[in-house]
Amino acid sequence: MPHDLDRIRVGSAPDSWGVWFPDDPRQVPWERFLDEVAEAGYAWIELGPYGYLPTDPARLTEEVARRGLKVSAGTVFTDLHRGPAVWDDTWAHVSQVAALTQAVGARHLVVIPSFWRDDRTAEILEPSELTAEQWGHLARGMERLGRRVKETYGLDIVVHPHADTHIDTETHVARFLDATDSGSVGLCLDTGHYAYCGGDSVRLIETYGERIGYLHLKQVDPAVLAEVVARGLPFGPAVARGVFQEPPDGVPELGPVLAAAQKLGVDLFAIVEQDMYPCEPDKPLPIAERTRRFLRSCGA
């Protein structure tokens with residue numbers, strides 16, 4: 001029998017249903033997502049892209065509750081490495097999402113850095129490496145954001161290393177964590193993105209455990225990833241080629257990751273994100289059900 005992972009709270013997200021945008025004809029309607037995520041056996045969800053789920057707090061609370069679901073987090077994208085000039089626009093966006101996140105009872109805000117390469121066209125938007133000045137802007141900006149979000153909305157920010165952003169590889173993640181205050185800025189470890197960028201999730205948990213505030217669970221297909229790296233493919237086409245593999249057949253092994261997270265001795269959300277944009281509408285539910293059974297077999 002697997003050890004009971006009693007500190008891990010498992011959920012899923014619109015991403016696992018192929019949802020990347022607030023509105024897109026290739027995505028399933030939000031009602032179907034909510035119905036199916038509950039049917040698949042998950043208790044927790046994320047809001048996904050702002051505007052996909054209802055943004056009226058009362059309606060969203062009702063829709064989620066009547067399916068036996070609860071919300072773990074909202075998500076925002078930021079470009080704080082560009083310095084104080086972007087603060088006002090950033091806060092306008094963040095406050096909108098944070099207000100809804102707070103209103104539905106969630107306690108976390110997942111913060112994703114902006115892409116340096118367009119995730120669909122492969123257009124290079126800016127250099128993939130930040131200057132020392134930009135690293136300073138990024139660190140100070142995230143600390144400011146963390147403090148402001150906590151003071152205003154009572155939420156904890158967790159920064160999400162992501163492929164094709166400036167916080168991606170082990171080196172960049174370590175540099176970011178070393179440059180930021182643990183009291184203001186936590187980390188959302190996405191096991192799939194970290195593996196995509198060459199990182200070792202278990203080692204990160206063991207090294208920076210006090211910074212881990214949230215988990216996203218996914219795996220990569222090593223063969224597809226090797227092709228992606230060799231061809232220099234951007235993130236969107238890589239997802240379309242199936243770089244993210246349904247558990248348990250990809251890497252990293254999720255059992256050891258969850259066991260390492262359990263050892264931290266804190267309550268953590270572990271939200272499944274099976275990137276599949278775009279996908280056929282009937283594809284997500286069976287994968288979500290199988291993934292939930294697999295995670296139960298791990299003790300979660």
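## A salt-bridge network

Asp 35, Arg 59, Glu 63, Arg 66 and Arg 67 are joined in a network of salt bridges. The model is a predicted one. In total, the structure holds 19 salt bridges.

## Individual salt bridges

Arg 7 pairs with Asp 267 in a salt bridge, with the closest N and O atoms 3.5 Å apart. This pair links distant parts of the chain, 260 residues apart. Arg 7 sits in the segment before strand 1 (8-12). Asp 267 sits in the loop between helix 10 (254-262) and strand 10 (268-272). Arg 7 has 30% relative accessibility, so Arg 7 counts as partly exposed. Asp 267 is partly exposed at 45%.

Lys 218 forms a salt bridge with Asp 190, and their closest N and O atoms are 2.6 Å apart. Lys 218 lies in the loop between strand 7 (212-217) and strand 8 (219-220), and Asp 190 in strand 6 (residues 186-190), so the pair ties together parts 28 residues apart in sequence. Both Lys 218 and Asp 190 are buried.

Asp 79 and Arg 82 also meet through their side chains, at 2.8 Å from N to O. Asp 79 is buried, with a relative accessible area of 18%. Arg 82 is partly exposed at 43%.

## Helix 3 against helix 4

Helix 3 (residues 87-103) packs with helix 4 (residues 132-153) at an angle of about 40°. Their axes are 11 Å apart. The two helices are therefore oblique to each other. Helix 3 passes helix 4 in a right-handed crossing.

Residues of helix 3 in the contact include Trp 87, Trp 91 and Val 94. On helix 4, the contact includes Gly 141, Arg 144 and Leu 145. By class, this contact has 8 nonpolar, 4 polar and 2 charged residues.

Methods
Residues are numbered from 1 along each chain as its sequence is written. This is a predicted model: local features need pLDDT of at least 70, side-chain atom pairs count only at pLDDT 80 or more; totals for chains, interfaces and linings use all residues. Side-chain values use heavy atoms; hydrogens and water are left out. Axes are lines fitted to C-alpha atoms, for helices over the stretch in contact, and angles run from 0 to 180 degrees between N-to-C directions. Helices (H or I, at least four residues) and strands (E, at least two) are DSSP runs, numbered from the N terminus. Angles under 35 degrees count as roughly parallel, over 145 as roughly antiparallel, 65 to 115 as roughly perpendicular and the rest as oblique. A crossing is left-handed if the near helix is turned anticlockwise from the far one by less than a right angle, and right-handed if clockwise. Contact means heavy atoms within 4.5 Å. Ala, Val, Leu, Ile, Met, Phe, Trp, Tyr, Cys and Pro count as nonpolar, Asp, Glu, Lys and Arg as charged, and the others, Gly among them, as polar. A salt bridge is a side-chain nitrogen of Lys or Arg within 4 Å of a carboxyl oxygen of Asp or Glu. Buried means under 20% relative accessible area, exposed over 50%, partly exposed in between (1.4 Å probe, protein chains only).
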